[in-house]
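Please open the structure in your viewer and keep the selection tool at hand.

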Amino acid sequence: MSLIGLLIAGLIIGLLGKWVAPSNRDNIPIWLTVICGIGGVLVGYFVAGALGVAATGGVDWIRWVISIALAAIFVAIASTLTSRRALR
């Protein structure tokens, strides 16, 4: 995947991960959401490959679902780590 494709996929996956994340996880900045999305894409592709998901000629739905789930986890972790309530 090219750098531009990674950034676009990271933005989309980050926003989807933010939407899928449980509870009210909208207190992190958009740049951190994009970082979580890029991390979700990178780790999701690695995990899908490790699980034996073969590349297809079309859209790899399993890879995208894994990426969105991981981005949601990363958004939840980032929200927890940057929460002001966690510091009290």
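**An aromatic pair**

A search of the whole structure finds 1 aromatic pair. Select Y45 and W64: their rings are edge-to-face, 6.0 Å centre to centre, with 85° between the planes. (Rings of Phe, Tyr and Trp, the last by its six-membered ring, pair if their centres lie within 6.5 Å; planes under 30 degrees apart are stacked, over 60 edge-to-face, and the rest tilted.) The pair links distant parts of the chain, for Y45 lies in helix α2 and W64 in helix α3 (residues 61-82), 19 residues apart. Helices are DSSP runs of H or I of at least four residues, numbered from the N terminus.

Are these two residues buried, partly exposed or exposed? Y45 is partly exposed, at 28% relative accessibility, and W64 is partly exposed, at 23%. (Buried means under 20% relative accessible area, exposed over 50%, and partly exposed in between, with a 1.4 Å probe and protein chains only.)

The model is predicted: local features need pLDDT of at least 70, side-chain atom pairs count only at pLDDT 80 or more, and totals for chains, interfaces and linings use all residues. Residues are numbered from 1 along each chain as its sequence is written, and side-chain values use heavy atoms, leaving out hydrogens and water.

**A nonpolar patch**

Next, select I4, L7, I8, L11, I12, L15, L16, W19, I30, W31 and I35, which make a nonpolar surface patch of about 1,200 Å². (Patch residues have over 30% relative accessible area and no salt bridge; nonpolar side chains are joined within 5 Å, like charges within 9 Å. A salt bridge is a side-chain nitrogen of Lys or Arg within 4 Å of a carboxyl oxygen of Asp or Glu.) Helix α1 (3-20) gives the largest share, 8 residues. Finally, select I4 in helix α1; I4 is exposed, with a relative accessible area of 57%.

Notes. Areas by Shrake-Rupley, 256 points an atom, 1.4 Å probe, with all protein chains shown as cover. Helix = DSSP H or I, 4+ residues; strand = E, 2+ residues; numbered from the N terminus.
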